[in-house]
Amino acid sequence: MAEQRSPHHLPDVSGLSVAVLGGTGDQGRGLALRLAMAGHRVVIGSRSPERAQGAAEELGEGLAVSGAENAEAARTCDIVIVAVPWDGHRALLESLAGDLAGKLVVDCVNPLGFDSKGPYALEVAEGSAAQQAEALLPDSRVVAAFHHVSAVVLLDPGTEEVDLDVLVLGDDRDATDTVRALAARIPGVRGIYGGRLRNAHQVEALTANIIAVNRRYKAHAGLRITDV
């Protein structure tokens, strides 16, 4: 009989490098900062390598953060986080399918619209941004995670611990365990398995509710999962 793996098992990911595509935006820079602070080599990706390098330098000295064009960032790192705006999601992934082959790709994109009533979830033909990534990247392992992380909190040098659970969704257990472990490298954060990739729509859409909470209460709210 195969040995049962504990649901709390986390692999050692301390030596893995991370690319953040769209890393010049607030969420991307925040994730890059916290993962670099945790000791990872991080490459910020952008269409403009100069802009990417500038964003890396703004994060501060003493961190293993550099900038590169998106394709180079994707090719040279073990894990690739996709943090681009939704309207550029499809085009970016289509252009990088070869560079992302064999990679663990973490999609944290939230397809949202905004109108006079506030944020709302957009319909995605594939079901979710993560499923669109899966369809466009048949040779990659796609995981959905980091949707509800406040960029303001991540970028705040006065915040030593981030009070947050990160829901991690995917169909490959080794891949989801790796991303759970990566999330846990940020002090205060837990990575919690949240189901198969087909359930990513609900998680992406929940971001609209969290934005509404933040606007009403002037907060930077996150999620905690109880009894786990």
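A pocket here is an open set of points on a 1 Å grid over the protein atoms alone, where a 1.4 Å probe fits, with protein on both sides within 12 Å along at least five of seven lines; lining residues have an atom within 4 Å of a point. A volume is the space filled by probe spheres set on the points, which are joined across faces, edges and corners. This is a predicted model: local features need pLDDT of at least 70, side-chain atom pairs count only at pLDDT 80 or more, and totals for chains, interfaces and linings use all residues. Residues are numbered from 1 along each chain as its sequence is written, and side-chain values use heavy atoms, with hydrogens and water left out.

## Pockets

Nonpolar means Ala, Val, Leu, Ile, Met, Phe, Trp, Tyr, Cys and Pro; charged means Asp, Glu, Lys and Arg; the others, Gly among them, count as polar.

| Pocket | Volume | Lining by class |
|---|---|---|
| Largest pocket | About 940 Å³ | 16 nonpolar, 16 polar and 3 charged residues |
| Second largest pocket | About 320 Å³ | 6 nonpolar, 4 polar and 7 charged residues |

The largest pocket has 35 lining residues. Nearest its centre lie Gln27, Ala83, Val84, Pro85 and Trp86. Six elements each give at least two residues to the lining of the largest pocket: H1, E2, helix H4 (89–96), strand E6 (112–115), helix H6 (151–155) and H8. H8 supplies the largest share, 4 residues.

The second largest pocket is lined by 17 residues. Pro7, Asp177, Arg180, Ile192 and Tyr193 lie nearest its centre. Helix H7 (173–184) and strand E10 (189–195) each supply at least two lining residues. The largest share, 5 residues, comes from H7.

## Nonpolar cores

A nonpolar core is a set of buried Ala, Val, Leu, Ile, Met, Phe, Trp, Tyr and Cys residues joined through side-chain atoms within 4.5 Å. Buried means under 20% relative accessible area, exposed over 50%, and partly exposed in between, using a 1.4 Å probe and protein chains only.

The largest nonpolar core holds 36 residues. Those with the most contacts inside it are Ile44, Ile81, Val106, Phe146, Val166 and Val179. Helix H1 (residues 26–37) gives the most to this core, with 5 residues.

What does Val166 touch, leaving aside its neighbours within four places in sequence? Contact means heavy atoms within 4.5 Å. On that basis Val166 meets Ala145, Phe146, Val149, Ala183, Val189, Arg190, Gly191 and Ile192.

## Residues 18–111

UniProt, in an unreviewed entry, lists residues 18–111 as "domain: Pyrroline-5-carboxylate reductase catalytic N-terminal". UniProt positions are given in the numbering used here, feature names are shortened, and annotations may be inferred rather than shown by experiment. The span is 38% helix and 23% strand. Its end C-alpha atoms lie 23 Å apart.

Ala36 sits in helix H1. Is Ala36 buried or exposed? Ala36 counts as buried because its relative accessible area is 7%. Leaving aside neighbours within four places in sequence, Ala36 contacts Val42, Leu63 and Val65. From Ala36 to Leu96 is 60 residues in sequence and 24 Å in space, C-alpha to C-alpha.

Ser46 belongs to strand E2 (residues 42–46). Ser46 is also buried, with a relative accessible area of 7%. Not counting residues up to four places away in sequence, Ser46 touches Thr24, Arg51, Ala52, Ala68, Glu69 and Asn70.

## After helix H8

Lys218 lies in the segment after H8. Its phi is near 50°, a positive value in a residue other than glycine. Lys218 is exposed, with a relative accessible area of 77%.

Asp227 is placed in the segment after H8. Asp227 has a positive phi of about 65° although it is not a glycine. Asp227 counts as exposed because its relative accessible area is 82%.

Val228 is found in the segment after helix H8 (200–217). Val228 touches His8, Arg190 and Ile192, not counting residues up to four places away in sequence. Val228 and Ile192 are 36 residues apart in sequence and 8.5 Å apart in space, C-alpha to C-alpha.
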